[in-house]
Number of protein chains: 2
Amino acid sequence: MDFKELEDIEHKIEEREDFSGEKVRPLIIFFPKNEEEVVRIVKFARKVKIPIIPWGSGTNLTGAASCDKNCILIDMSKMNKILEINDVDWYVRVQPGIKLIDLFEELEKKGFMLPPDPASFFLCSVGGAVAESSGGMKGVRHGSFREWVLALRVVLPDGEVIKVGEPLRKNRAGYDLVHLFVGSEGTLGVITEIWLRIIPLPKRKMVMISALLKDFESVGEVIVGLRKNRILPELSEYVDADVVRALNKHLNANLKETEGGMLLISIEEDMVNDVLKVLEGKTIDVKVAEGEEAEKLYSLRAQAAIAVKAESGNVFYAEDIVVPVSKLPEAIRRLKEIGRKYNTKFYVISHIGDGNLHPNIIIEDKDTRERAFEEIARMAIELGGSVSGEHGIGVQKAKLMAEQIAKHNGIRVLDLMYQIKKLIDPDDIMNPNKYVELAYKFLNNSSN
Amino acid sequence: MDFKELEDIEHKIEEREDFSGEKVRPLIIFFPKNEEEVVRIVKFARKVKIPIIPWGSGTNLTGAASCDKNCILIDMSKMNKILEINDVDWYVRVQPGIKLIDLFEELEKKGFMLPPDPASFFLCSVGGAVAESSGGMKGVRHGSFREWVLALRVVLPDGEVIKVGEPLRKNRAGYDLVHLFVGSEGTLGVITEIWLRIIPLPKRKMVMISALLKDFESVGEVIVGLRKNRILPELSEYVDADVVRALNKHLNANLKETEGGMLLISIEEDMVNDVLKVLEGKTIDVKVAEGEEAEKLYSLRAQAAIAVKAESGNVFYAEDIVVPVSKLPEAIRRLKEIGRKYNTKFYVISHIGDGNLHPNIIIEDKDTRERAFEEIARMAIELGGSVSGEHGIGVQKAKLMAEQIAKHNGIRVLDLMYQIKKLIDPDDIMNPNKYVELAYKFLNNSSN
């Protein structure tokens, strides 16, 4: 393929891999420095009918940016500016390539926060987090990215630039297209500018309760107990006993090892006693940390996946199911059963407070690993949950997503999603054959 | 028209009027008691090609349910049950016909709240509030309905029933269609069941600060001051001097009358001093109320529109613009100028904390009234705001919405919205010729 008409745009030829281990082998990688260059790349790709894949930092876990030869990768890392932090209208306007951690730091200096904090925040790009509608540790109180995006500039698959939404929390001018693009995984257009809502840092003193639980089962009961007592923590995270061991081994965490793993709950200081009451009888040890000590626990939790990755020797799938909180005790019981069946441990990392579990499946044999992976996702569907809370679908979960929609929503819903994809991308050049499109094909093949 | 095949469904023939004063003259009104009856009505309507209009309580202010003879009205008032209040998963599942106030009362008994509280909450239906993505007084902290809807059952225009979304806060299974239906004003389908997120009632003591301001200009400065000091009230509402007079005259409010009108700020008791500091030098009188006294102020604010309606002798348009908070001082200055130009007062009611203003235009002559109305909306567009924050578009604001989108988003955005309407409702029977469709026609006529 001859890319001469784009040769003035920074580019290179290189193979990559995303965090799920999927290969990314584009024909060429472009590094546009502004929206005009993105438009030129998109128009060219459409003319020559080569698929385009936008790339943030490659931290996605579902192969959403994978490609085998026939694609152009648009690496957004050069478009990494903060364009505006508005301390009256309470929004920030950024380019998609900025690292989330860099944005967090600038906001904090001005007394603000953007709550969704995926564990990969020190690596991932804001554009990627929006395209995946990423969640994070503070999701239990503040939700995931889709609750924080106000407006987007997008280069559509035919090269036309639009803005969806307004930098206003309230805006009723037409159907909500913002939420169509948030979580669209690069299949509807290339995001070139993002307005995100921000809020002040908490005014009240927050503390971090770290509870070593008696057993794995206790964590479900504690979370249900918090809900029944109408307690809403800022963060409620859980890592099981095997993850604690991995943290000690690979990151010198120096955490106490117990059978029940560790629950972290961040909450306003004056609410601590309410939480301690719920924890009564379920723990071996409870500590209330603040300041640097609390920060350290938060940071260890954020790095839990790295410890598991080190432990696994790279042979692992990160699950990302959601179950209704009321079904957590059952989900945990069934997870243990599935573990026994496959003779494995699951290294469970979780945003337990909103029912979002990441069992990490470390099984050498790929087929067996996949079977365990699918069994866990189907358990979530059966319990009225979802196959993905925040990692998204990509290529990895398209079939499972189709099953969920067929069971919970009606296959017409997947048909509508697919029609919308075709409406916006009739030439099918935006990150094709993944996500909605792939799920649609699974469903149509299986029903034929 | 012969409706014999539906004669077992409760029905009557009647003319109505919505709260904007628009006439609603359907061929027939059906009162379905369940989803199956809705499906039969929709399939029949499609067969005979008669438009359908869903009706909640008729409190909309933009003619969104208007109809001149050729329509079937589906009155949802018989489908008014609470199906489930889940105190662990923190959602409520309801039928659309339930009154919002009835839902609020049941939630409160269990210690929960659904924050968006449109001033019409004592009359409006939940289905209507979702279809309009209504806002309310607590929007400044908690946003409008679109931030609270988890999932919906919808009868599509061809009679097929789907569920969009899941009763989970986190769910990444496919494009977000929930937000497409929230705020769709009955143009994409008939909502038959709704899952809404709920949260615990505030644990901390809330108080209501009522501040009588020196002048109209002060209110903009106070709100900017709150933002700069990173103070986020639960509610920050403003009514101008003329509204205060109307409340005294028509509802015996017994409020002190000053030139600057009244600002109400509800916030946690331990944050009061931070607010008072911002108010310094801007007020004539400040009181901090709690309990019943605070309730009374809240309720007076909710009834402000009724007082204005009584004052106006029914000749008024309720505006619903949003401006960026940073532009409030300028918006207020320009509003006064427009008032002088038309030799009128605007009886400003407002969710001032999020820049959402309701100037009420009381001008006898309809053409002049419309000119003033449009001038105010165009001012909002110029300031980077929106022509609607929570009332929606209906027939009243389609042209202005088209102007906003053309100026802020690109006309392609309106085209996309219109294509989505055609995709979901190819026969154009769901509440046709309003909102997106009407805006699209305006834009296409004006550009030809």
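How many residues does the contact take from chain A and from chain B? It takes 91 residues from chain A and 91 residues from chain B, where contact means heavy atoms within 4.5 Å. Before going on, note that this is a predicted model, in which local features need pLDDT of at least 70 and side-chain atom pairs count only at pLDDT 80 or more, while totals for chains, interfaces and linings use all residues. Residues are numbered from 1 along each chain as its sequence is written, chains are lettered from A and ligands numbered from 1 in the order in which they are written, and side-chain values use heavy atoms, with hydrogens and water left out.

Let's look at the area next. Together, chain A and chain B bury about 7700 Å², with 55% of it on carbon and sulfur atoms; buried area is the accessible area (1.4 Å probe) that two parts lose on being put together, summed over both. Of the area that chain A buries against chain B, A:Lys170, A:Arg172 and A:Tyr175 supply 15%, more than any other three residues.

Charges meet here too: there are 18 salt bridges between chain A and chain B, each a side-chain nitrogen of Lys or Arg within 4 Å of a carboxyl oxygen of Asp or Glu. One of them joins the side chains of A:Arg169 and B:Glu147 (2.9 Å, N to O).

Now turn to chain A by itself. Its automatic or database domain assignment includes domain 2 (78-200) and domain 4 (398-447). Their C-alpha centres lie 25 Å apart, and 12 residues of domain 2 are in contact with 8 residues of domain 4. Between these two domains, about 890 Å² is buried, 71% of it from carbon and sulfur atoms, and the count of salt bridges is 0.
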